[in-house]
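Welcome! Here is a short briefing to read alongside the sequence and the 3D view.

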Amino acid sequence: MYDFEYQRATSTDDATSKYSAAEDARFLAGGMTLIPVLKQRLDQPSDVIDLGYLDDMRGISEEGSAIMVKAMTTHHDVNSSDLINSKIPALAALAGTIGDQMVRNRGTIGGNLANNDPAASYPCAVLALNATIKTDKREIATNDFFTGMFDTALDEGELILSVSFPVPEEAGYKHFPNPASRFPIVGSFVAKGSDGVRVAITGAGPCAFRQTEFEAALSGEFNPDAIKDIKVSDDGLNSDIHASAEYRAHLINVMTRRAIGG
Amino acid sequence: MPSIKMTVNGKEVSGEVEGRTLLVQFIRDHLGLTGTHVGCDTSQCGACTVHMNGRVVKSCSILAAHADGAEILTIEGLADGDTLHPMQEAFRQHHALQCGFCTPGMVMSAIGIVNDNPEPSEKEIREALEGNICRCTGYHNIVEAIDAAAKEMKA
């Protein structure tokens, strides 16, 4: 690892001002992507701003008809939260499929979303549940948040503070794990809420995206059979040694049906 | 250079580290506690697993400076004198190792598994071992040891 200036943030304002003052800084949340990346010398920041001591960036609470998860909340905390298990059990279950127990004890929802790995699990949940991402500057609707592979609508130095999930009537998640890494080759999150049915897919494209054909079909009839004859196009999907674009297109349908009990 | 202080196996320790120093390097190179192993460069193998503030973590993926003020437990802190921790004893009884390189991380992870789930099924143990790689045993005796230790730790 190349050396860098380690700085500890004492507040979110302090974190963003340290970031702006540095030449080429990175925020350190749980570090489950950043540290391995630094170890491989794939990145060389001048400064690393540690958010780990900001206790007020952690926590889960009910706000009206939504569940608010603060950015530094770990996957373990989401997975074991009584509130999330009772209100959005599919989200709690999804958090329990990320990485391994050591990763879940460190990795955070804010870090996961800011990184926007094409095979990350949270983005499809955030997109299907129509969550709102609150940063130090503004609120971003998830439809606008995921802009490409490892790319988001966040400005340079913009910090995610929390994610607010409207509680759905029903939701489900299923993924087909890569046999070695266990990252989703394809994952599908389906949510039925006050604004209709939303289906979001991860792992298949450059970043999570909505499957609008399925949404229309499931809005008519919320049943796996409603989509079983819809053939998904493989246009623009990822193709690699793990799965071809054609196979991923097939999995999108299968995982979505399984997510709603098919 | 960051100055850090933490509690390791119940003892206060301190040191000066570089920003990039990993917790595992501090534990091994600064404190001389070489039971915590480094088995890979990619954060995948779990041989470096320790407990930080009561939760299992990969010490190869945490900056030493970030662990400032933390309570760390390593494999050296488990036994009470000559009496092994029930998990260590179960690994011995069930021959849950061959070369032994992954064992410290396995034992630390296994205690984390049982702390979170005091009565794990065989399937739950196998799934919870996701983050620890063993290249010798085929895992079977490790799973048996964790099952036996869970019963012992509950008793």
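**Helix H3 and helix H5 of chain B**

H3(B) passes H5(B) in a right-handed crossing, a crossing being right-handed if the near helix is turned clockwise from the far one by less than a right angle, and left-handed if anticlockwise. This is a predicted model, in which local features need pLDDT of at least 70 and side-chain atom pairs count only at pLDDT 80 or more, while totals for chains, interfaces and linings use all residues. Residues are numbered from 1 along each chain as its sequence is written, with chains lettered from A and ligands numbered from 1 in the order in which they are written. Helices (H or I, at least four residues) and strands (E, at least two) are DSSP runs, numbered from the N terminus.

- The axes of H3(B) and H5(B) come within 10 Å and cross at roughly 50°; axes are lines fitted to C-alpha atoms, for helices over the stretch in contact, and angles run from 0 to 180 degrees between N-to-C directions.
- H3(B) and H5(B) are therefore oblique to each other (under 35 degrees counts as roughly parallel, over 145 as roughly antiparallel, 65 to 115 as roughly perpendicular and the rest as oblique).
- B:Met106, B:Ala110, B:Ile113 and B:Val114 of H3(B) meet B:Ile142, B:Ile146, B:Ala149, B:Ala150 and B:Met153 of H5(B), where contact means C-beta atoms, placed from the backbone, within 7 Å.
- This contact has nine nonpolar residues, no polar and no charged (Ala, Val, Leu, Ile, Met, Phe, Trp, Tyr, Cys and Pro count as nonpolar, Asp, Glu, Lys and Arg as charged, and the others, Gly among them, as polar).

**Helix H2 against helix H5 in chain B**

- The axes of H2(B), residues 86-93, and H5(B), residues 140-154, come within 8 Å and cross at roughly 140°.
- The crossing of H2(B) and H5(B) is right-handed.
- On H2(B), the contact uses B:Pro86, B:Met87, B:Ala90, B:Phe91 and B:Gln93, and on H5(B) it uses B:Ala145, B:Ala148, B:Ala149, B:Glu152 and B:Met153.
- Sorted by class, this contact holds eight nonpolar, one polar and one charged residues.

**Helices with a buried side**

- In H1(B), residues 23-30, B:Leu23, B:Val24, B:Phe26 and B:Ile27 are buried (buried means 20 or more other C-beta atoms within 10 Å of the residue's own, exposed 12 or fewer, and partly exposed in between, with C-beta atoms placed from the backbone).
- These four cover an arc of only 165° around the axis, which puts them on the same side of H1(B); the arc is that of the directions from the helix axis to the C-beta atoms.
- Strand E2 (11-16) of chain B is included in what covers them.
- In H10(A), residues 212-220, the buried residues are A:Phe214, A:Ala217 and A:Leu218.
- The buried residues of H10(A) fall within an arc of 95°, so they line one face of the helix.
- They pack against strand E13 (196-202) and helix H11 (245-259) of chain A, while A:Thr212 and A:Gly220 are exposed on the other side of H10(A).

**Positive phi values**

- Most residues other than glycine have a negative phi.
- B:Asn53, in the loop between strands E3 (49-52) and E4 (55-58) of chain B, has a positive phi near 45°.
- B:His95, in the loop between H2 and helix H3 (103-116) of chain B, has a positive phi of about 50°.

**Where the chains meet**

- The contact takes 20 residues from chain A and 24 residues from chain B.
- H6(A) gives the most to the chain A side, with five residues.

Terms used: Two residues are in contact if their C-beta atoms, placed from the backbone, lie within 7 Å.
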